[in-house]
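Work through the exercises below with the sequence and the predicted model open. Each task is followed by a solution in steps.

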Amino acid sequence: MAASILATERLAKRFGGVIAADQVSLAVAPGELRCIIGPNGAGKSTLFALLCGIYPPDAGRVLLKGRDVTAEPAFRRVRHGLGLTFQTNRAYHSLSIRQNLEIPLRAERLDRTHERGQHLRYALDEFGLDPLDERPARELPHHRLQWLEIAMALANGPEVLLLDEPTAGLSPEETRQTARVLQHLNRSGLTIIVIEHDIAFVREVAQSVTVLHQGRVFAEGSVESITAHEDVRRIYLGRA
Amino acid sequence: MRGFRLLTGPEDIGRSAWFWLGFAIVVAGIYGYATLISDFDASNLAYYLSNIPIALGLSLLWGYCGVLSFGQVAYFGIAGYLYGIIAGNMAGNDWGPLLAALGSLAGCAAVAAVFGYFIFYARVQMWIAPILTLTFTLLLETFLGQTAGYQWRVGSVQLGGYNGMTGIPSFQLAGLVFSGRSFCYYALTFVLLCFLFCRMLVGSGAGRVMLAIREDALRTELLGYDIRARQLTVFVLAAVLAGISGLLYVQWGNYITPSQIGLLQASLPVIWVAVGGRDSLLAVAISTYVLNWLNYSLSSTGSEYALVIIGGLLVAVMLFFPNGIIVALARDLPRHGWRAALAPRLAGH
């Protein structure tokens, strides 16, 4: 198996008496499309923040392309090839669509991927976004704002795309369109990690799934094995 | 051409060629006006103009980068005192004032870099920045206030405690001394260059990143920008602009006292910037000039309440034009109508 492009080793984070991440070890291979699922309070958002460097972990390591980035600030992880979108939309609402895309395009990257332009152009076409649009982003409907944020992350030229609930608030058709685009990007070589609630979406896109529960990795495997897993069904899928 | 494109960027009022033609006519008019008025009026004109750079710096820092500093006058004072110390010790040397000016601005930048490093690299919450910056200027005022004794001198220059430093040399280049009317031309040119530089900065890609940081600092960091370094750079630039105002002030009046960096003076740049509209350099430059003129006119006609009136104006503007009065009239009104211009938050802007 190829070396992991993104991995964590026994990652731990505690907030007061609450253990939000407990010995989380993950290994995502290059070109994989991994979904991370779990019920509310499972530690998904904490894991997202630890991966992108918003919080420092109490223990454990984060490895990006084999390099230990645990002590590195968030912007350096991005420069090393991590691209991400947030659970709540954080496109710049008062700036124009063009400016929203221009800001990540201008950002410094240490090792640019040659696919960047192709990935971005493909996503803009499929999402129906005009990179020269001078309208303020706040005039876009919700689904296009979500897509704009994905396009912004792609404009960064990432090698690993980390998406926190990219389909939140989208209609079934918009969700399917998002799935189609992510699958195409993945097939063209981009590693994608999706933290997601929507099981239908996970079934459609995921190659492998990690289930978090009470801050720990509860199960890991293919979509089929996870959906057939009795304990996973009990803690999570049964309520989906 | 690239320079003109940067000047006409979308981040400030006035983008058309007609605007810049009007701007050139107004600037030429001010130069012409300075030749016609008395020496006394030219001196007043220079004083009003000398306050514009500190306001432009605060506009960059607060309006464009989202960091409010309540202590910009600290750098005004540092530049003023340093200029006085260096130029005073080089009295008789034709190049002394120029070296003093450069040295004092370098001193401002160095102090701001060290102080700003602790603010931004410690990642303090941005609402704490005004408290820290105000505390810094008040500490500096207190320190300078107790420097009355003979032991508080640097070379041949006395710091002077609350009586301040007097006899500060005027600016000169080789044998050409700038005082009276010539100082007015010099100040106008200096302020004009500061304005054009700031406009080009906000029109550039770096200006767009400043706006992105103001909008959402975490998002911007997670697009790969070291926001601490960016904020620190703007903080240092704003300090240098405040220093330019301090420099012009001591070259104009040949003295400086610690009260120039006290609480009252610290609040004035915030008022000038807020009344005009903090995210427009043009609005800030106009409101700074007009409010200084108004303050002086009210004071000189015997009104004891000049500052009360200025403060009342701030309250009224904040209530009715929270984005600033000039920004509301010149930008929000044409774009969104009266309702948005008067109360942007109510209208969802």
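**Exercise 1. Locate R123(B) and N254(B), and state whether each is buried, partly exposed or exposed.**

Step 1. R123(B) sits in the loop between α6 (96-121) and α7 of chain B. Its phi is near 50 degrees, a positive value in a residue other than glycine.

Step 2. R123(B) has 11 C-beta neighbours inside 10 Å and therefore counts as exposed.

Step 3. N254(B) is in the loop between α11 (227-253) and β6 (255-256) of chain B. Phi of N254(B) is also positive, near 60 degrees, and this residue too is not a glycine.

Step 4. With 15 other C-beta atoms within 10 Å, N254(B) is partly exposed.

**Exercise 2. Compare the radius of gyration of chain B with that of a compact globule, and describe the chain as a whole.**

Step 1. Chain B has 16 helices and 6 strands.

Step 2. A compact globule of 349 residues would have a radius of gyration near 20 Å; chain B has 20 Å, so the two agree.

Step 3. The C-alpha trace of chain B spans about 60 × 50 × 45 Å along its principal axes.

Step 4. Of its 349 residues, 49% count as buried. Among contacts in chain B between residues at least 6 apart in sequence, 74% join residues at least 24 apart.

**Exercise 3. Find the largest nonpolar core and the element that gives the largest share of it.**

Step 1. The largest nonpolar core holds 177 residues. Those with the most contacts inside it are A151(A) and L162(A) from chain A, and L56(B), Y83(B), A187(B) and A238(B) from chain B.

Step 2. α11(B) supplies the largest share of this core, 17 residues.

Step 3. Take Y83(B) as an example. Neighbours within four places in sequence aside, Y83(B) is in contact with A100(B), A101(B), S104(B), I168(B), L247(B) and V250(B).

Step 4. As background, nonpolar side chains tend to be buried together in soluble globular proteins.

**Exercise 4. Work out the strand order of the open sheet of 4 strands in chain A, and what packs on it.**

Step 1. The order is β2-β1-β4-β5 (chain A), with antiparallel pairing.

Step 2. β2 and β5 (67-68) of chain A are the edges: each has a single partner strand, so one side of each lacks a neighbour in the sheet.

Step 3. Helix α1 (residues 44-52) of chain A packs on the sheet and touches β1, β2 and β4 of chain A. The helix direction makes about 60 degrees with that of β2(A).

Step 4. β1 (residues 6-15) and β2 (residues 18-28) of chain A pair over 7 bridges, and K13(A) stands opposite A21(A) in β2(A). The hairpin of these strands has 2 residues between them, and G16(A) takes a positive phi near 60 degrees.

Step 5. β4 (residues 59-64) of chain A is joined to β5(A) by 2 bridges; here L64(A) stands opposite R67(A).

**Exercise 5. Determine which element of chain B gives the most to the side that touches chain A.**

Step 1. The contact involves 14 residues of chain B and 20 residues of chain A.

Step 2. α9 (205-215) and α10 (217-221) of chain B each supply at least two residues of that side of chain B. α9(B) gives the most, with 6 residues.

Step 3. By class, this side of chain B has 6 nonpolar, 2 polar and 6 charged residues.

Technical notes. Residues numbered from 1 in each chain as written. Chains lettered and ligands numbered in written order. Predicted model: local features only at pLDDT ≥ 70, side-chain atom pairs only at ≥ 80, totals over all residues. Contact = placed C-beta atoms within 7 Å. Nonpolar A, V, L, I, M, F, W, Y, C, P; charged D, E, K, R; others polar. Pairing = 2+ DSSP bridges. Rg over C-alpha atoms; globule rule 2.2 N^0.38 Å. Buried ≥ 20, exposed ≤ 12 C-beta atoms within 10 Å, placed from the backbone. Axes fitted to C-alpha atoms, helices over the stretch in contact; angles between N-to-C directions. Core = buried A, V, L, I, M, F, W, Y, C linked by C-beta atoms within 7 Å.
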